[in-house]
Amino acid sequence: MKIELLFTPYQEDGSLGVTTVIGKYRTKKASYQYVKANRKSFGKGYFDLFIDKKYDSYTEQVRAQDILNV
């Protein structure tokens, strides 16, 4: 299983910016800990996890409750 942490910023006009890959992690917990420790340095935007399993891939949004429960 591969997990990539993605960040998409909001532009000043309210539109979405370019999505950036922040890093690759082995577990969801590790990516949540990174977001919890470094959230203030990214500004306005949102985080997503791109999860790639053997025969399935999907995107999952990182929510504030997920970060607090780590």
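1. Contact range. Of the contacts in the protein chain that join residues at least 6 apart in sequence, 47% are between residues at least 24 apart. The model is a predicted one, and every value in this note is to be read with that in mind.

2. Fold and overall dimensions. The protein chain has 2 helices and 4 strands, and the order of these elements from the N terminus is β-β-α-β-β-α. Its radius of gyration is 12 Å, close to the 11 Å given by the globule rule for 70 residues, so the chain is as compact as a globular protein of that length. Along the principal axes, the C-alpha atoms occupy a box of roughly 40 × 25 × 20 Å.

3. Surface and burial. Buried residues make up 29% of the 70 residues.

4. In soluble globular proteins, nonpolar side chains tend to be buried together. Here the largest nonpolar core has 11 residues: Ile-3, Leu-5, Phe-7, Tyr-25, Tyr-32, Val-35, Phe-47, Leu-49, Ile-51, Val-62 and Ile-67. At least two residues of this core come from each of β1, α1 and β3. One of the core members, Ile-3, touches Gly-23, Lys-24, Tyr-25, Arg-26, Thr-27, Lys-28, Leu-49, Phe-50 and Ile-51, with residues up to four places away in sequence not counted.

5. Helix α1. Which residues of α1 are buried? They are Ser-31, Tyr-32 and Val-35. Seen down the axis of α1, these buried residues fall within an arc of 100 degrees, so they line one face of the helix. The cover over them includes β1, β2 (20-25), β3, β4 and α2 (64-68). On the face of α1 turned away from the buried side are the exposed residues Lys-29 and Ala-37.

6. Ser-31. This residue lies in helix α1, which spans residues 28-38. Ser-31 counts as buried because its relative accessibility is 0%. Not counting residues up to four places away in sequence, Ser-31 touches Leu-5, Tyr-25 and Leu-49. Leu-5, Tyr-25 and Leu-49 are among the members of the largest nonpolar core.

7. Aromatic pairs. The structure holds 6 aromatic pairs. In one of them, Phe-7 and Phe-42 have ring centres 5.1 Å apart and planes at 45 degrees, so the pair is tilted. This pair links distant parts of the chain, with Phe-7 in strand β1 (residues 2-9) and Phe-42 in the loop between α1 and β3 (45-52), 35 residues apart. Phe-7 is buried, at a relative accessible area of 5%, whereas Phe-42 is partly exposed at 24% relative accessibility. Phe-7 also forms a tilted pair with Phe-47, at 4.9 Å centre to centre and 50 degrees between the planes. That pair too links distant parts of the chain, from Phe-7 in strand β1 to Phe-47 in strand β3, 40 residues apart. Phe-47 is buried, with a relative accessibility of 3%. Phe-7, Tyr-25, Tyr-34, Phe-42 and Phe-47 together form one aromatic cluster.

8. Gly-23. Is Gly-23 buried or exposed? At 15% relative accessibility, Gly-23 counts as buried, because the cut-off is under 20%. Gly-23 is found in strand β2. Leaving aside neighbours within four places in sequence, the contacts of Gly-23 are Ile-3, Glu-4 and Leu-5. Gly-23 and Asp-13 are 10 residues apart in sequence, and their C-alpha atoms are 27 Å apart in space.

9. Gln-61. This residue is in strand β4, residues 57-61. Gln-61 counts as partly exposed, at 47% relative accessibility. Beyond neighbours within four places in sequence, Gln-61 is in contact with Tyr-46, Phe-47, Asp-48 and Asp-66. One of these contacts, Phe-47, belongs to the aromatic cluster and to the largest nonpolar core. The C-alpha atoms of Gln-61 and Leu-16 are separated by 15 Å, the two residues being 45 residues apart along the chain.

Methods
Residues are numbered from 1 along each chain as its sequence is written. This is a predicted model: local features need pLDDT of at least 70, side-chain atom pairs count only at pLDDT 80 or more; totals for chains, interfaces and linings use all residues. Side-chain values use heavy atoms; hydrogens and water are left out. Buried means under 20% relative accessible area, exposed over 50%, partly exposed in between (1.4 Å probe, protein chains only). Contact means heavy atoms within 4.5 Å. Rings of Phe, Tyr and Trp (its six-membered ring) pair if their centres lie within 6.5 Å; planes under 30 degrees apart count as stacked, over 60 as edge-to-face and the rest as tilted. A nonpolar core is a set of buried Ala, Val, Leu, Ile, Met, Phe, Trp, Tyr and Cys residues joined through side-chain atoms within 4.5 Å. The arc is that of the directions from the helix axis to the C-beta atoms. The radius of gyration is taken over C-alpha atoms; the globule rule is 2.2 Å times the number of residues to the power 0.38.
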